[in-house]
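I set out to look up a few features of this structure, one entry at a time. The entries below record what I found and the terms I used.

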Amino acid sequence: MSVRNTNPPQLAASSYLNTAPLIWSFKEGSQREAARLITDAAPARCADMLAGGDVEAALVPVIEYQRIPDACIVPGVCVGSHKAVRSVVLVSKVDDLRDVRKVVLDLSSRTSQALVKIIFKEFLNCEPEWQVGSPDIRAMLKEHDAALLIGDPAMKLAPEDGRVFDLASLWHRYTNTGFVFAMWMVRQGNAEAVSRVNFAAARDEGLEQLERVISNYEDKVPLSRDQLRTYLTDNITFHLDESLEEGMRLYFKLADKHGLINEVKSPKFISG
């Protein structure tokens with residue numbers, strides 16, 4: 001199903017800190033007239049909106065490329081990490097993940113839900129009991145050994161909440177590749193409608209205006225300006241490189257191996 005050709009096209013993205021440089025141009029910069037942006041949806045909801053034909057393009061958990069029919073990926077632009085990501089974590093009451101028996105997964109996530117399952121099944125050779133829940137760490141850990149949190153809630157953890165395992169760091173330890181969490185995606189029938197949207201230029205402008213981006217989040221995430229800057233420049237990368245693409249392809253392969261997707265589609269990129 002494709003969305004009727006509106007002018008301008010409608011985009012969906014979460015308003016987490018890790019998406020901020022990618023969407024700033026559409027909200028406050030030079031591309032305000034190029035697209036209409038919806039930012040009040042969690043990543044999983046953005047995927048549903050794209051799959052359901054509610055928007056022409058969305059910043060989508062990367063696993064959804066394998067689940068959304070006729071999805072195409074905008075090249076070069078991503079939310080990824082080469083090592084520690086900080087905002088995608090497993091919080092555990094035990095020190096050894098092999099001792100984890102019950103895990104609750106943040107319902108806002110899809111890529112990270114699959115990533116946690118791959119880490120346990122493929123690299124730790126064990127599988128706990130899974131449950132999905134709202135991102136409230138204290139409620140999540142009442143009856144579970146560990147909890148997955150993503151986005152801004154993961155950045156607000158206190159030391160007493162438990163031991164924190166950074167998922168991008170774990171992935172890098174076992175694969176020696178980077179990890180892609182999300183990318184802009186378009187349904188094939190909407191490729192023409194979004195052809196005038198320059199996602200790479202929007203990213204570049206957002207990074208150029210990083211201090212203004214940081215100012216918008218100072219009262220939302222409990223980190224100093226320096227910490228916010230480090231997160232957006234060192235922990236997160238917004239450029240898809242060879243290591244990240246290699247990691248993405250391996251992730252898809254392992255997701256298929258462990259029954260988390262029905263089949264593996266090779267990434268199909270469009271002009272962006």
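**Entry 1: terms and ground rules.** I count two strands as paired if DSSP finds at least two bridges between them. Helices (H or I, at least four residues) and strands (E, at least two) are DSSP runs, numbered from the N terminus. I note that this is a predicted model, in which local features need pLDDT of at least 70 and side-chain atom pairs count only at pLDDT 80 or more, while totals for chains, interfaces and linings use all residues. Residues are numbered from 1 along each chain as its sequence is written, and side-chain values use heavy atoms, with hydrogens and water left out.

**Entry 2: strand S6.** I began with the neighbours of S6, residues 88-92. In S10 (residues 163-166), Arg-163 is the bridge partner of Ser-92. S6 and S10 pair in the antiparallel sense over four bridges. S6 also pairs in the antiparallel sense with S9 (residues 146-150), over five bridges. Within S9, Leu-148 stands opposite Leu-90.

Buried means under 20% relative accessible area, exposed over 50%, and partly exposed in between (1.4 Å probe, protein chains only).

**Entry 3: helix H9.** I looked up which residues of H9 (residues 225-235) are buried, and found Leu-228, Tyr-231, Leu-232 and Asn-235. They cover an arc of only 120 degrees around the axis, which puts them on the same side of H9. The arc is that of the directions from the helix axis to the C-beta atoms. On the other side of H9, Asp-226 and Asp-234 are exposed. The buried residues of H9 pack against H1 (20-27), S5 (77-81), H5 (151-155), H8 (210-217) and S12 (237-239). Contact here means heavy atoms within 4.5 Å.

**Entry 4: helix H2.** In H2 (residues 43-51), I found Pro-43, Ala-44, Cys-46, Ala-47, Met-49 and Leu-50 to be buried. Their cover includes S1 (10-12), S2 (36-38), S3, S9 and S11. Just after H2, Gly-53 takes a positive phi of about 80 degrees.

Entry 5: Most residues other than glycine have a negative phi. Asp-70 sits in the loop between S3 and S4 (71-73), and is partly exposed, with a relative accessible area of 33%. Asn-125 sits in the loop between H3 and S8 (129-133), and is exposed, with a relative accessible area of 65%.

**Entry 6: Met-183.** Met-183 lies in S11 and is buried, with a relative accessible area of 0%. I looked up which residues Met-183 touches, not counting residues up to four places away in sequence. Among them are Ala-58, Leu-59, Val-60, Cys-78, Leu-240 and Phe-269. The C-alpha atoms of Met-183 and Glu-64 are separated by 9.8 Å, although these residues are 119 apart along the chain.

**Entry 7: empty space.** Rolling a probe the size of a water molecule over the atoms shows where empty space is left. On a 1 Å grid over the protein atoms alone, a cavity is a set of points where a 1.4 Å probe fits but cannot get out, and a pocket is an open set with protein on both sides within 12 Å along at least five of seven lines; lining residues have an atom within 4 Å of a point. Grid points are joined across faces, edges and corners, and a volume is the space filled by probe spheres set on the points.

How many cavities of 30 Å³ or more does the structure hold? I found one. About 230 Å³ of space lies in the largest cavity. Of the 22 residues that line the largest cavity, Asn-18, Pro-43, Ile-150, Phe-181 and Ala-182 are the closest to its centre. S3 (57-61), H3 (111-123) and S11 (179-187) are the elements that give two or more residues to this lining.

About 190 Å³ of space lies in the largest pocket. The largest pocket is lined by 14 residues, and Leu-97, Phe-165, Leu-170, Arg-173 and Tyr-174 lie nearest its centre.
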